[in-house]
Amino acid sequence: FYDLMKIGIPIIPSTFSYLIMVAGDRFIIKYYLGLDSVAVYTFGARLSEYIVFSIFQPFQKANTPIVRKKVAKSIKEAKEYTKALTNIFNIFITILLCLLVIPAKDFIHLISDDIYGSAYPVFIFTIIGFYFDSIWRINGQLINHLEKTKLTMVLAVFGAITNIALNLYFIPIYGVIAASVT
């Protein structure tokens, strides 16, 4: 029971921090720019999220048992595997993102009205952000299997605080684009 608590409790602030990073910007956008801007931002961000997660999540779920086996066998082998997978993932996702970005503007105009057409820059920046998040998740699996959840907690809390601070400063100046970049 102690081991479960030692590993599991740091995950709680990590989860709340992730929720703050995902949703906190919308509250700041609403406060400074209004609900119309929240709608545009959410449309662009969700579209990129759905695309990246629908491509990445099946591989992430398939990767979990592979990482577990490698960690059980050899930490060094698990680290080498994760490094190689990250490199392959970088190449694959970079090509895929380039193929998605080119027709994305036309696709956004096709599935939405003119108001949401301004979501294209949000889509571009958030899809890049989700790309980095996906890389983190590959490495995060190994970190969790190595029971380094305190490290995950520190990084997540720092990320949430930084994200909120940057949003509070930049959203009034640059609008929804600032939220998608931060």
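Reply: Here's a walk through the cavity and then the helix pair beside it in the discussion. The model is predicted, so local features need pLDDT of at least 70 and side-chain atom pairs count only at pLDDT 80 or more, while totals for chains, interfaces and linings use all residues. Residues are numbered from 1 along each chain as its sequence is written, and side-chain values use heavy atoms, with hydrogens and water left out.

There's 1 cavity of 30 Å³ or more, a cavity being a set of points on a 1 Å grid over the protein atoms alone where a 1.4 Å probe fits but cannot get out.

The lining (residues with an atom within 4 Å of a point) consists of Val52, Ile55, Phe89, Ile93, Leu96, Leu97, Leu100, Tyr131 and Ser134. By class that's 8 nonpolar, 1 polar and no charged (Ala, Val, Leu, Ile, Met, Phe, Trp, Tyr, Cys and Pro are nonpolar, Asp, Glu, Lys and Arg charged, the others, Gly among them, polar). At least two lining residues come from each of α3 (35-73), α4 (75-111) and α6 (120-145), helices being DSSP runs of H or I with at least four residues, numbered from the N terminus. α4 gives the most, with 5 residues.

Now for α4 and α6: their axes come within 10 Å and cross at roughly 165 degrees, with axes fitted to C-alpha atoms over the stretch in contact and angles running from 0 to 180 degrees between N-to-C directions. That makes α4 roughly antiparallel to α6 (angles over 145 degrees). Their contact has 17 nonpolar, 6 polar and 2 charged residues.

Note on methods. On a 1 Å grid over the protein atoms alone, a cavity is a set of points where a 1.4 Å probe fits but cannot get out, and a pocket is an open set with protein on both sides within 12 Å along at least five of seven lines; lining residues have an atom within 4 Å of a point. Grid points are joined across faces, edges and corners, and a volume is the space filled by probe spheres set on the points. Angles under 35 degrees count as roughly parallel, over 145 as roughly antiparallel, 65 to 115 as roughly perpendicular and the rest as oblique.
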